[in-house]
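Keep the viewer open and go through the points in order.

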Amino acid sequence: MNQNFLEKLSECVEFGKINLASPYPPQMKGFPGADEITKEALEAGVTPTEILNEALITAMNKVGQKFSENKIFVPQMLLSAKAMGASMIHLKPFFANGTVQRKGTFILGTVYGDLHDIGKNLFGMMVEGAGWEVIDLGIDVKIEKFLEAIEQNPTAVVGISALLTTTMVNMKPVIDAIKSVSPDTKVIVGGAPLSVEFAQSIGADGYGKNPQEGIMWLDKIVA
Amino acid sequence: MNKFINQILQGSNVEALPIMTHPGIEAIGKSVREAVSDGNIQYQAIQYLHDHFKTVACTSIMDLTVEAEAFGATVNLPENEIPSVTGRLVCDEESVKNLVVPSLEKGRVPQYLLANQLAAANITDKPVFSGCIGPFSLAGRLYDMSEIMVGIYIEPESIQLLLSKCTEFLVAYCKALKASGTQGVIVAEPAAGLLSGEDCMTYSTFYVKQIVDAVQDDSFTVILHNCGNTGQCTDAMVATGANALHFGNAIDMEGVLKQCPSDVVVLGNLNPVGVFKQGTVESVREETLQLLQKTAGYKNFVISSGCDLPPNVPEANIRAFLETVEMFNI
């Protein structure tokens, strides 16, 4: 019975079926989505940990893999992330009361001067789906805002995103400031104009060429 | 056959066309904000590049906000950074229905038309290519880029209506650019590169083709730029009927040349950041030569940057690029 719920939920997330009302994907139109199935599963006694580990994380792993192999593209990935988000809403109380343990906390933001968020959003949703708590600071995030978030979450890992060549240079001052107040805080950077060489040159601990690579790096540092 | 396409296909040399305006803006001592707001200044930047660099054509600024601003979107115009759209202008079926297709008098459009008119009138020894955003990329700036990605599956009718309105405006804008006297337009459609090939065909090609059909002829070329494409959208780009296709650095140029018809001019794709901005004169020479060697034998190839050169590219790197092409042709 539980396995049935988990398989159905995993399928909803993998193929981006958010809820009953959503017309996507066409072959699942008119069927319950991640929202309804999660609710039913919890009522039927499936544990939140089982839902997270055996449905959501498994499905998002498949999604990330398909994306990195160019089998799916940004829209499909965002729909999967939205489906996962619809499920996650029902799990929030269990995270809050400690019933379910996350892998860690990830503070995320687009660097100051940069207003782009599609890459940041995509990565944030994928990281959440990989079992992390994500604190999204938004776009155009100033140094002080990153430092404030680290102060409140001292064990968190930090992710900084940039889309523009003019703003990627703002990442170094952010990393310098973070390392000066919290030398043990790990920082990962990502964004279209970046490269591994650039990430190393500005003192980042990690670089994600795509979401899957970033998640693998995050999982490695908590392994 | 189109004059520019014929020139490339019949020529014996590989031609170079880096997409650039920022080096010109910097050289004449103006800010990005001044150049994107004042047609005279933008023209002076284009003229400077024409006078100082041997390229096959001149290009205007790839500013992907001017059209969204005409629709009413709020635009952030930093002093020396590329402008960007902030917020979301439309969010659902009703707001899309109520969206009015603007006239060409709105926002900075008249300044862009002026820049193109001045460039076309004063640069007569080589083609001048105007620039505009593509329909899907414009719709994404009005609807929010993340939301439109999901919207094509959740609210396809609203997105198609929005795309029709964007296309109506872009057709009028491209007709006005053509009337300004330029020899073509680079239609920048980077957001479509985030879609699958099938979705690119439905949500970009169908609309870009309307622009191509409205303005492309023997004297006016449409160059479709899609730097987001990693290979899945190439057939959809070809299907637009554009005379020329411009590719970003994420793609294998040799593979693209094999895939595209030989009468379509194919341009690309040196990394504007990794090679032009962050590279050294030596690394620029090396990367340029490698690309020229890989693509040798394709008469429809024009070597270019994979996208608009960003601000603060060393002039020495642009010279190294052009000199390498010149040496290769000897």
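1. Helices (H or I, at least four residues) and strands (E, at least two) are DSSP runs, numbered from the N terminus. Two strands pair if DSSP finds at least two bridges between them. With that in hand, look at chain B: an open sheet of 8 strands runs in the order 1-10-9-8-7-6-5-2, with parallel pairing. Strand 1 (15-16) and strand 2 of chain B are the edge strands, each pairing on one side only.

2. Some housekeeping. This is a predicted model, where local features need pLDDT of at least 70 and side-chain atom pairs count only at pLDDT 80 or more, while totals for chains, interfaces and linings use all residues. Residues are numbered from 1 along each chain as its sequence is written, chains are lettered from A and ligands numbered from 1 in the order in which they are written, and side-chain values use heavy atoms, with hydrogens and water left out.

3. Now chain B as a whole. It has 16 helices and 10 strands. Its radius of gyration is 19 Å, close to the 20 Å that the globule rule gives for 330 residues, so chain B is as compact as a globular protein of that length. (The radius is taken over C-alpha atoms, and the rule is 2.2 Å times the number of residues to the power 0.38.) Along the principal axes, the C-alpha atoms of chain B fill a box of roughly 60 × 40 × 35 Å.

4. How much of chain B counts as buried? The figure is 60% of the 330 residues, where buried means under 20% relative accessible area, exposed over 50%, and partly exposed in between (1.4 Å probe, protein chains only). Chain B exposes about 11900 Å², and carbon and sulfur atoms supply 49% of that; the areas come from the Shrake-Rupley method with a 1.4 Å probe, and for residues only the protein chains shown count as cover. As for contacts (heavy atoms within 4.5 Å), take those in chain B with a separation of 6 or more: residues 24 or more positions apart account for 75% of them.

5. Zoom in on strand 5 (residues 128-133) of chain B. Here 6 of the 6 residues are buried, so the strand is largely enclosed by the rest of the structure. In a regular strand the side chains alternate between the two faces of the sheet. Both faces of strand 5 of chain B are covered, with B:Val128, B:Ser130 and B:Cys132 buried on one side and B:Phe129, B:Gly131 and B:Ile133 buried on the other.

6. Who sits beside that strand? Strand 2 (residues 58-59) of chain B runs parallel to strand 5 of chain B and is joined to it by 2 bridges, with B:Cys58 partnered by B:Val128. Strand 6 (residues 184-188) of chain B is also parallel to strand 5, through 5 bridges. There, B:Gly131 has B:Ile186 as its bridge partner, and B:Cys132 stands opposite B:Val187.

7. There's a helix pair to look at too. The axes of helix 7 (residues 109-122) and helix 10 (residues 156-179) of chain B come within 10 Å and cross at roughly 35 degrees. (Axes are lines fitted to C-alpha atoms, for helices over the stretch in contact, and angles run from 0 to 180 degrees between N-to-C directions.) Helix 7 of chain B brings B:Val109, B:Tyr112, B:Leu113 and B:Asn116, and helix 10 of chain B brings B:Phe169, B:Tyr173, B:Ala176 and B:Leu177.

8. Chain A has a sheet of its own: open, 5 strands, order 2-1-3-4-5, with parallel pairing. Strand 2 (133-136) and strand 5 (206-207) of chain A stand at the edges with a single partner strand each, so one side of each is left without a neighbour in the sheet. Helix 5 (residues 118-129) of chain A packs on this sheet, touching strand 1 (105-110), strand 2 and strand 3 of chain A, and its direction makes about 170 degrees with that of strand 1.

9. Last, a loop residue. Is A:Asp114 buried or exposed? It counts as buried, at 0% relative accessibility, and is found in the loop between strand 1 and helix 5 of chain A. A:Asp114 and A:Ile139 are 25 residues apart in sequence and 6.6 Å apart in space, C-alpha to C-alpha.
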